[in-house]
Amino acid sequence: MSLLEADTRRVPSGPAKALYLNWPLVVLIVAVAGAGFVMLTSVAGGSVDRWAEPQMERFALGLAVMFVVAMVPVGLWRAVSPAAYLVSMALLVAVEVAGTTGMGAQRWIDLGVVRLQPSELAKVTLVMMLAAYYAWLAPERVSRPQWILPPLVLIALPTALVLKQPDLGTAILLVAGGAVVMFAAGVSWWYFGAVAAAGAGLVSAVFTSRGTPWQLLKDYQFRRIDTFLDPASDPLGAGYHITQSKIALGSGGWTGRGFMQGTQSRLNFLPEKHTDFIFTTLAEEFGFVGAASLLALYMGIVGFCLVSAMQNRDRFGALLTLGVATTFFLFFAVNMAMVMGLAPVVGVPLPLVSYGGSAMLVLMAAFGLVQSAHVHKPRPR
Amino acid sequence: MSRDTARNDAAARVSRRALVLGAGQVGVAGLLGWRMRQMQVEQAEEFRLLAEENRVNMRLIAPGRGLIFDRNGIPVAENAQNYRIVIVREDAGDVEEAFARLRRLIYVDEAEIARARREIARRSPFVPVTITDQRSWEDIATVAVNAPALPGITPDVGLSRAYPLGPDYAHVTGYVGPVSDYDLTRMEDDDPLLQIPKFQIGKTGVEQKYEHALRGEAGSRRIEVNAAGRVMRELGRDEGVPGTDLQLTVESRLQNFVEARLALGLSASAVVMDVTTGDLVAVGNAPTFDPNKFVRGISVADYADLTGNKYRPLANKAVQGAYPPGSTFKMMVTLAALEAGLLSSTETIYCGGYQRLGNRRFHCWKRGGHGHVNLEKSLQQSCDVFYYELAQRVGIDRIAAMARRFGHGQRFDVPMSAVTAGVMPDKAWIRDTYNQSWRVGDSLNASIGQGYVLSSPLQLAVMTARIATGRAVVPRLVRARGGIELPPEGGEELGVDPGHLDLVRQGMDAVSNSPRGTAYRSRIESEPLRMAGKTGTSQVRSAIVDNAEVPWEERDHALFVGYAPFEAPRYAVSVVVEHGGGGSSAAAPVARDIMLFALRGELPPLDDYPAAARPGIEEMFAGLDLRHDFRPTRIGRSRA
């Protein structure tokens, strides 16, 4: 008997679906968000209503979105993937045209209720689109050059638009997220090797372009790279954040200084203390135990997603789950590496913890997709 | 079957690759964990030394708040030195011991200590908390000399807002006060300055509306401190940007006179406006209050006195008060009728003391009637029946449209708190607001500025200036910002027939200067300064009763609007005396005194008054409590 026939019959339906949710995953997500509320309260100097409360409201909304998205059959998500991708591309173009300028970069569309950041949305829709593409493509064709080209275009389009904003952090995450779906779909190792070589070439091109009229990165992006390579070169200028961040983080010790006891008063003057640098405060106040626990929670989320993907015989669901999980992984890994001085400051928030509305909602919707793939996966007898 | 096999292979390959990915991710996470361990466990001592022993500390420097000057450069809001004593918990060790030692040296109120204790508990250990402020220089010196015995306690000098002209400008500048938790949540402002305990921000008036410009930007000092907390050296300093200075359009001497003159009554307000630029040269309210009391946080008893006062000293009635404009509204009806071609300058209407509408009678204020009334006489003697007739001809929508062109029903963007839009009703308005249809009787009430019509003294002054000039003058309160003059806005032609405007002006001239005019007794005698105006008396209750016999709250409002000099208008004035009785007896004399002071720039000579009024005026001037200690300063210090 064909597996395909078995597929459809055993998929749960109705309210019973809720029982098939990946509940450990939900618990882990709530735990991480809870850590976020504690830290937002701490950086606001003990005030709950400054950041923690709006964040809680958004998280509650995010949970609702996740459950709703999870209840929709994954096949439907697969069907709307191309449309979702096109809409997010249109929004990216729209920010170019009509977006409001925030922090020196055009990133938002003001919808009145929320400020939509289309680049956030693009991270998810790109993964959806690629997963749908490989689910449609016959597996034996994935490594043929003519079938490699479409996904490259699909990745290049949002990346180019995001780079133009300019938002280097998101561009890197888009490329990495797209590459992961291609890799998981089974594209030959050779291609990745070739791209790695080409990437090395590009990096050297970027550096040689510096100071020339065709300079490939903005000045501030070059400065961030400089600072990353040698923070001590400019301890009171651009390197200030990294140096202070490392001192605060390191001085946390084993168990940290305790809730709201971070003595590194200068953290109060980090402009992004409640967004990109929130991990620093956590590590200072809760020490290695706290920081490693958060890392473990994050890895737990990624782990449950990976297991769910490996058990999923629906190609779209599996690829989607892998793509979302890896994008999520890249978020926190890049952020943590950044505040620990292992990566340049590229402006990537700590997912579920950093203050911010549209990132949180989009991430929760993405977890909804993972849950949908989990609930509706084929269950052979 | 082979297809299934292919699918199985593909799924297996996804799983294999997922394993590879997972392995890679575990590897990266391991690297991150290793780095954490390295930094937080192995190198922790090093970093802790960096943090504790030789740490880079950042102290905010509060910028000087922008100063506010009057139109001639007299300071109306400035920054005075404030000596205070602060404590840093981290450096103090035993806070209670530190308090005890401090209190052995200087007197500190128990309430202040209690407040500081609460503040300390709420804040991070390194944030300086003010124990007591507004101290004498001797106290500061005592603390400084005994510094070794007072770890963590330091004297400090900051700036605190002061209003040298006190109550005169209470409603215009408003006041600053310590930032509250409520302010923090409401403003959604990330400025680190707001985290400074007791940082002063604008709460009302210009101080609030121009908060952003006046505040400036925080400066910072990056300093290296050793384990004892002593400053080793300064690494960098960013002075920040001091707040922008503002220059108001208000003239302090006139403002002072207006406040003093209004204070002779119970509850009143007045606006004086330059008819060509729209400059508000005086915005007065009585009673008023001392804004300096709010700067450090007002006592509960003082605040209760202000809020419990039935004459509402805290309200800026000149812009917040919405009153039925009464007969001062008749110019609008006249112009609407003239522009609609439904009235000519010579036409007469018969006033028999009332107008019948259905089975209702609408009375003229003059029971016996005015007889045959033409346009000029209708304004001069303020005949109501004339306007009942016009209202029926013209209809409310055209009256309302005309009134809006003259500023009624419109919220002017002047930087004072709670500026009202008033109410200029029409058919759409009553449908949207009360879900009723407009009745003809409503038009009749509106035509004499009663019923639903509500206007503020500011709107009445704007109306008068627009009548005087025929231009869309827009009121403004700020003349220069950071030493840069701001161009006046508005001023384009209103598009009303100049001939029609002239008819209305002549009517207003007759009100003040013809012996039968309702404001004849309050005229300006000297011909070059002649004033044209209009009285208004608006009912608070519907029954017509003698004002002397009812409690204050139920008496009529007295209004007067006017402009002068008649031939070459400079100022428009509006006066509203709340529950003051009749416009000609209660409001017109006040407006005349204010207008004369504005034109003369000082107490006017008695020759400007009609002979009969002079003895009373002389006595009134003698009783005024005017200020003479104005300090002119340099202005135009250009600050970006």
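Trainee: Why is B:His579 called buried?

Mentor: A residue is buried if 20 or more other C-beta atoms lie within 10 Å of its own, exposed if 12 or fewer, and partly exposed in between, with C-beta atoms placed from the backbone. B:His579 has 21 other C-beta atoms within 10 Å, so it counts as buried. Bear in mind that this is a predicted model, where local features need pLDDT of at least 70, side-chain atom pairs count only at pLDDT 80 or more, and totals for chains, interfaces and linings use all residues. Residues are numbered from 1 along each chain as its sequence is written, while chains are lettered from A and ligands numbered from 1 in the order in which they are written.

Trainee: Where is B:His579 in chain B?

Mentor: B:His579 sits in the loop between S23 and helix H23 (583-600). Helices (H or I, at least four residues) and strands (E, at least two) are DSSP runs, numbered from the N terminus. The phi of B:His579 is near 50°, a positive value in a residue other than glycine.

Trainee: What makes B:Ser382 count as buried?

Mentor: B:Ser382 is buried because it has 29 C-beta neighbours inside 10 Å. Its loop runs between helix H16 (375-380) and helix H17 (384-394), and B:Ser382 has a positive phi of about 55° although it is not a glycine.
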